[in-house]
Amino acid sequence: MEEKMLYHVSGAPFIRAKTDTQRIMLDVLIALLPAFCVAVWQFGAAAIIRVAVSVIACVFFEFAYRKLMKKNSTIHDLSACVTGVLLVFCMPAGVPLFVVIIGDFLAIVLVKQLYGGIGKNFLNPALAGRAFMLAGYAGLMTTWAVPSALKTVVDGTTMATPLTYLKAGEALPEYFNLMDMFIGKVPGCIGEISTAALLLGFLYLLVRKVISWRIPVTFVGTVAVLTLIFGKSGYGNVEWMLFNLCSGGLMLGAVFMATDYCTSPVTPKGQLIFGVGCGLLTVLIRYFGGYPEGVSYAILIMNLLVWAIDKATPQRQFGISAQELKAAKQAAKAEKKAAKEAQA
Amino acid sequence: MPFKYYGGVHPDEMKQPDLATSFIAQPPQVVIPLQMHIGAPCQPLVKVGDHVTMGQKIGDNDAPLCAPIHASVSGTVVAIEPRRHCVVGDLVPSIVIENDGLDTPCTDLAPLTPEQLKDPDAILDRIREGGVVGMGGAMFPTAFKIQGGRGKVDTLIINGAECEPYLNGDHRTMLEHPEELLKGIELVRIAQGVDTAYYGIEENKQDAIDLLNSLNPAQYGVVIVPEKVKYPQGAEKMQVKANTNREVKPGGLPSGVGCNVVSTFTCWSVYRACYEGRPLIERVLSVGGTAIKPANVMVRFGTPLQFIIDQLGGFTRPIDRVVLGGPMMGFASFDQSCGLIKGISGLLCFTEDENRDVENPTCIRCGKCIEVCPMKLQPIHMYMYTLKKDFDNMAKFHVTDCFECGSCTYNCPGRLPLTPTFKMGKAMIKAREFELKAKAEAEAAKKEAEK
């Protein structure tokens, strides 16, 4: 009898897919690898050091917080590593290490762990950390190191990004051409400079089914359509659109930040709305806002709407046709109205 | 061309369709529960000490929703007492028969005459008397299903998807008894009173599809429909959608949209009951998992699980879980002395290797559960509200419409126990409804008394 009790009894299903949280986070790290390689190519050891410090700091803060609060350790799920990489990816290569570490602390402890850790936070930790740092150290966070590809053409150690020129409506200097912006031979945040590398990461995530196409495609698509329609004086419309797509943190944001599971809608329809909203806000900020870059704030604002979007876009159940759903909604409305009138 | 449906997952198949159905020695004793179907439990028709023959009816009930039970071996009834039921887990009245090893056949059911084989009512009566139930796992009395569908059902669908990993019973039946199977389908079709039966088979059984097609299924009124390999293709609602593009309403039955779904092994059992006069007393059981040598064996009902395992050489590695049925919708066994019942299609012996559960399941809000739910529900929200016992929101997110296919749980990277929670939630809702009803009745009675 005793041996029988040793059997493990639980509810079906008894098999699980191989992919677990750790594997998903590992896939995200792998997808970030091409962008990291470009960063090392353009910024050298500065990029390696900052990424390493950020990852170690994030993992340490997560470990220390969970230990202090006597909660189970969650560092093995690698989500802290992802936060560490993403946070430093949206900082300039020359940023002092203390800024990185403070950002890590705010991201992991304030934004993520205080709300219960992975799956519970409502703001993207990396983006929120960056937003705090941008507010606190505006100067340090907008001082751009010269990438190695431009060392021969630019004097000094810092320079303006293409986005600064675009914001001002000035013509881009000759050394910024579209191809270089696509490949990543431009100044900017550590991980955002190469559109090509980020797209490679996007493809990997799609193939591995870590993310769906919905948020990145609607996000970038909205930005593309709006910039193509509205253009800007001094630029051709198509040229202006392509510059917008290849500059700033758009690709990094659309592929890696907006698709953060925890801070994006779970319903397919909601994901479409979320992507369009992010694109719309990005364009609005780029056109009318005070900062040249609008991606991070656009995503943070949409993060706050996730709960409402999820509620507003329920799945239509199997066996219920669109007409039936509409009829049911109208019936419910009429009933409410009748009840109100009866009260009055 | 079959129609598509939303969601679904692709677990590793782990099937062993090349292993021919083998036979094991008969057990010295069988334990046959008097409840091997959905509906009213049977009343024993024999007494302790009676001698029974193989196939003799030993339990029945006059209730409409019931299927009789037959002795699976010949021998002496040694006990009629509560024994543990391998799925329900409770003690259920069971008949214990000491096997005399002779398999003396019972002659109560004669093969149907050629005229009777064309008479829908004669076939229906034989399906009931043969104790045939849905062999896919639901164990719904087949005669009741067919009768209930008369007048409503215009499309008969035979389920040959066998989408659960590890299971090969239907596949083996198609390969080993293709003609009998087609004849069985024809009988069900005649009993149902329709002209065509659509036989949905997943494309991973191409050899069976080819074999059945080579036998001219049209002469039996059967059309073979090859279907995409996707779990849960074999779920009733998915079969209806794939074959007819009709969607069963939430809470409804396939007959509500004019369809009836009957499984492969059920049809073969119908053939045996009608053509051979053999009631349902055995089935093909797929044995698999890393802790045992895989096999497809024909097993009599009531055979103790431990006996089957021993006959196949016992566990080859330290056992973690014994699963009855498929790995997606089956049941964990906790007592291997239980007898096999009609709806169990697999006996899976898993080691720790197959167990991917974790100590602290955590939702990361990835939404993968929503992407795979064939009922287009939102498991993430259903889970949240079920744990909170928020009955209003449980209703709003349709917890009761989950048919427990397990796709969300299979796919969950955070390893949440989604499906078990929904099972619990459904039971909670039922209990609450019962409670509220009792309360309302008590209040009404009180008011009545006050008057």
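Me: What makes up domain 1, domain 2 and domain 3 in the domain assignment of chain B?

Reply: Keep in mind that this is a predicted model. The assignment gives domain 1 as 22-108 + 279-352, domain 2 as 116-276 and domain 3 as 368-450.

Me: How do you know which residues make the contact between domain 2 and domain 3 of chain B?

Reply: A pair counts as a contact if the C-beta atoms lie within 7 Å. By that test, six residues of domain 2 of chain B and six residues of domain 3 of chain B take part. The C-alpha centres of these two domains of chain B are 31 Å apart. On the domain 2 side of chain B, the contact has five nonpolar residues, one polar and no charged ones.

Me: What makes B:Val270 part of a nonpolar core, and what is it in contact with?

Reply: Core members are buried nonpolar residues joined through C-beta atoms within 7 Å. B:Val270 belongs to the largest such core, which has 136 residues, and is listed with B:Ile185, B:Val188 and B:Cys267 as having the most contacts inside it. Setting aside neighbours within four places in sequence, B:Val270 is in contact with B:Ile127, B:Val132, B:Gly184, B:Leu187 and B:Val188. Another core lies apart from that one, with 85 residues, among them A:Val100 and A:Met181.

Me: How many residues of chain A count as buried, as a percentage?

Reply: The cut-off is 20 or more other C-beta atoms within 10 Å. Of the 344 residues of chain A, 47% count as buried. As for secondary structure, chain A has 16 helices and two strands.

Me: Which parts of chain B supply at least two residues each to the side that touches chain A?

Reply: Strands S15 (321-324) and S16 (331-333) do, and so do helices H12 (407-411) and H13 (418-450), of chain B. In total, 53 residues of chain B are in contact with 30 residues of chain A. The chain B side divides into 27 nonpolar, 13 polar and 13 charged residues.

Me: Why do strands S1 and S16 of chain B stand at the edges of the sheet?

Reply: The open sheet of six strands runs S1-S14-S13-S17-S15-S16 in chain B, with mixed pairing. S1 (22-23) and S16 of chain B each have a single partner strand, so one side of each has no neighbour in the sheet.

Me: What makes S15(B) and S16(B) a pair?

Reply: Pairing needs at least two bridges, and S15(B) and S16(B) have three, in the antiparallel sense. B:Val323, for one, stands opposite B:Ala332 in S16(B).

Key. Residues numbered from 1 in each chain as written. Chains lettered and ligands numbered in written order. Predicted model: local features only at pLDDT ≥ 70, side-chain atom pairs only at ≥ 80, totals over all residues. Domains from an automatic or database assignment. Contact = placed C-beta atoms within 7 Å. Nonpolar A, V, L, I, M, F, W, Y, C, P; charged D, E, K, R; others polar. Helix = DSSP H or I, 4+ residues; strand = E, 2+ residues; numbered from the N terminus. Buried ≥ 20, exposed ≤ 12 C-beta atoms within 10 Å, placed from the backbone.
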